[in-house]
Amino acid sequence: MLELSFIKEHKEKVLEGLERRCYPAETSEIIDSILEKNENRKTLQGFLDVKRGEINKLSGQIGDLFKSGKQEEAQALKDQVNAVKGEMGDKEKQLIAAENQLTQLLYKIPNVPHPSVPKGKSDEDNEVHIPHQGDLPDLGESALPHWELAKKYQLFDLELGVKIAGAGFPLYRGKGAKLERALINYFLDEADKRGYEEIIPPLLVNEASGIGTGSLPDKEGQMYYMEKDDLYLIPTAEVPVTNIHRGDILDESQLPIKYTGYTPCFRREAGSYGAHVRGLNRVHQFNKVEIVRFEKPENSYAALEEMLKHVSDLLTALELPFRVLRLCGGDLTFASALTYDFEVYSAAQKRWLEVSSVSNFETFQSNRMKTRYKDSNKKKQLVHTLNGSALALARIVACILENNQTTNGIKIPVVLQPYTKFEVIS
RNA sequence: GGAAGAGUGGCAGAGCUGGUUUAAUGCACUGGUCUUGAAAACCAGCGUGCGGCAACGUACCGGGGGUUCGAAUCCCUCCUCUUCCGCCA
């Protein structure tokens, strides 16, 4: 969430940000009620602090009187305390209510987009940041989509997934499973080379973790929820890995902190059906290698560029045609200040598929998580958090299968061959 | 899942028969004195949030609730950890 002080001092920036996100005009009223609630909160707390002070003082005196045996005088002071309590009335409850309301209101305000983020409503307004170089591959009319190829070569089985779990839970097998595992290992090794510490986190998280990254309450419907245990299945490793430092006050010398982690990701994807969700294009469970960084504010955008390069290098090495988009305000996630999406061109489906998204959240997540560091002046500051997929597997597999199909089978990209230990799927 | 015990500041560890606790003490850390430099010694500082220019006030001793003039301390509840038993990859 945004910092109160920021909203107070830069209200116009917050409003302008909402506009670029194409939020409904009424949202600006929330800003006003936040400021109003905060004043209300301050008044209440100021009043209560004074009254509590009086009670503390009187209670101390009562103790002294009891020790010296002056019961009656003590009783008189007790009456005074009760009188003060009478003045307090239900103001303590009001304060708690005001604080809660304030928090709830703050949860509704998304991050302020970076100045470079274009205004826009939907993915149609996204800006091409790095266009694809050269010609797009053309496989001709005989090219098969990946779900056909999967059948032909027994790589994954969606029907079996349905039998075992339900729609959207693919079962990988044979060389399909090996390709999956090869990609995971390749991606983890590449992250390792770039100094990311590997993490295997819990796949279920509690509510506090969900709130920390901004997944809750915003994406409540997107996550699988275990009511009996009050736990959520992770939609991405971002949630458990970022929460490693929830509540921490880090030392400046610890930064930057870089983590990578492979996890399956679970998404309910409620209400999304249609031609574009066939095969592995959109599933409830998929594998992903995530990278997460904690940075000093002044370094965070340089870090974002580094992540951009990292993902670009992976896609280049995999010989996949890709482009990078700068998301417009309306397509930006709630917590993000700037997001680059990577799209790979599927030559068989003749469309671009999103395979990665790298974002800078600035202090939006760290303010929720209260992740701070002590700078050189020993002042506490919120860190900047960033994360990105490097990479999400399902669609990468789809594109590798489709783009590399030949009459003699599917060619495995050279960099993966040491991992798959086979060069072609036939 | 059952039983017992325990959760205190970066760490260790008092307090827990309710009232100089504004949480002792030690370690660690920071600054200073001393020293050619370091160590040691000594002096001082040293948690987090909110309000305030500040002095300072206030809240926080796992979370939540209660009793009381007053709660780290008593009661209820939840969570976590340890030990023992049971189950188990």
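**Figure 1. Contacts in chain A between residues at least 6 apart in sequence.** Of these contacts, 74% join residues at least 24 apart. The model is predicted. Chain A holds 14 helices and 19 strands. Along its principal axes, the C-alpha trace spans about 100 × 45 × 40 Å. Chain A has 426 residues, and 49% of them count as buried. The accessible surface of the chain is about 20,700 Å². Carbon and sulfur atoms account for 49% of that surface.

**Figure 2. Side chains where α3 meets α4.** From α3, the contact takes in Phe 47, Leu 48, Lys 51, Arg 52, Glu 54, Ile 55, Leu 58, Gln 61, Ile 62, Leu 65 and Phe 66. From α4 come Gln 71, Glu 73, Ala 74, Leu 77, Lys 78, Gln 80, Val 81, Val 84, Lys 85, Glu 87 and Met 88. By class, the contact of α3 with α4 has 12 nonpolar, three polar and seven charged residues. Among the residues contributed by α3 are Phe 47 and Phe 66. Those contributed by α4 include Leu 77 and Val 81.

**Figure 3. Helix α8 packed on helix α13.** Helix α8 runs over residues 174–193, and helix α13 over residues 393–403. The two pack at an angle of about 115 degrees. Their axes lie 11 Å apart. The crossing of α8 and α13 is right-handed. Leu 179, Glu 180, Leu 183, Ile 184 and Phe 187 make the contact on the α8 side. Leu 393, Ile 396, Val 397, Ile 400 and Leu 401 make it on the α13 side. The contact of α8 with α13 divides into nine nonpolar residues, no polar residues and one charged residue.

**Figure 4. The cis peptide bond between Leu 255 and Pro 256.** Omega here is about -5 degrees. Pro 256 sits in the loop between β8 and β9. Strand β8 spans residues 249–251, and strand β9 spans residues 257–266.

**Figure 5. The cis peptide bond from Ala 390 to Leu 391.** Omega for this bond is near 0 degrees. Leu 391 belongs to strand β16, residues 384–392.

**Figure 6. Glu 319, a residue with positive phi.** Phi is about 60 degrees, although Glu 319 is not a glycine. Glu 319 lies in the loop between α11 and β11. Helix α11 covers residues 300–317, and strand β11 covers residues 322–326. The relative accessibility of Glu 319 is 48%, so this residue counts as partly exposed.

**Figure 7. Glu 362, a residue other than glycine with positive phi.** Phi of Glu 362 is near 50 degrees. Glu 362 is part of strand β13, residues 351–362. Buried means under 20% relative accessible area. At 21%, Glu 362 is therefore partly exposed.

Methods: Residues numbered from 1 in each chain as written. Chains lettered and ligands numbered in written order. Predicted model: local features only at pLDDT ≥ 70, side-chain atom pairs only at ≥ 80, totals over all residues. Heavy atoms only, no water. Contact = heavy atoms within 4.5 Å. Helix = DSSP H or I, 4+ residues; strand = E, 2+ residues; numbered from the N terminus. Nonpolar A, V, L, I, M, F, W, Y, C, P; charged D, E, K, R; others polar. Buried < 20%, exposed > 50% of the residue type's maximum accessible area, 1.4 Å probe, protein only. Areas by Shrake-Rupley, 256 points an atom, 1.4 Å probe, with all protein chains shown as cover. Axes fitted to C-alpha atoms, helices over the stretch in contact; angles between N-to-C directions. Left-handed = near helix turned anticlockwise from the far one by under 90°.
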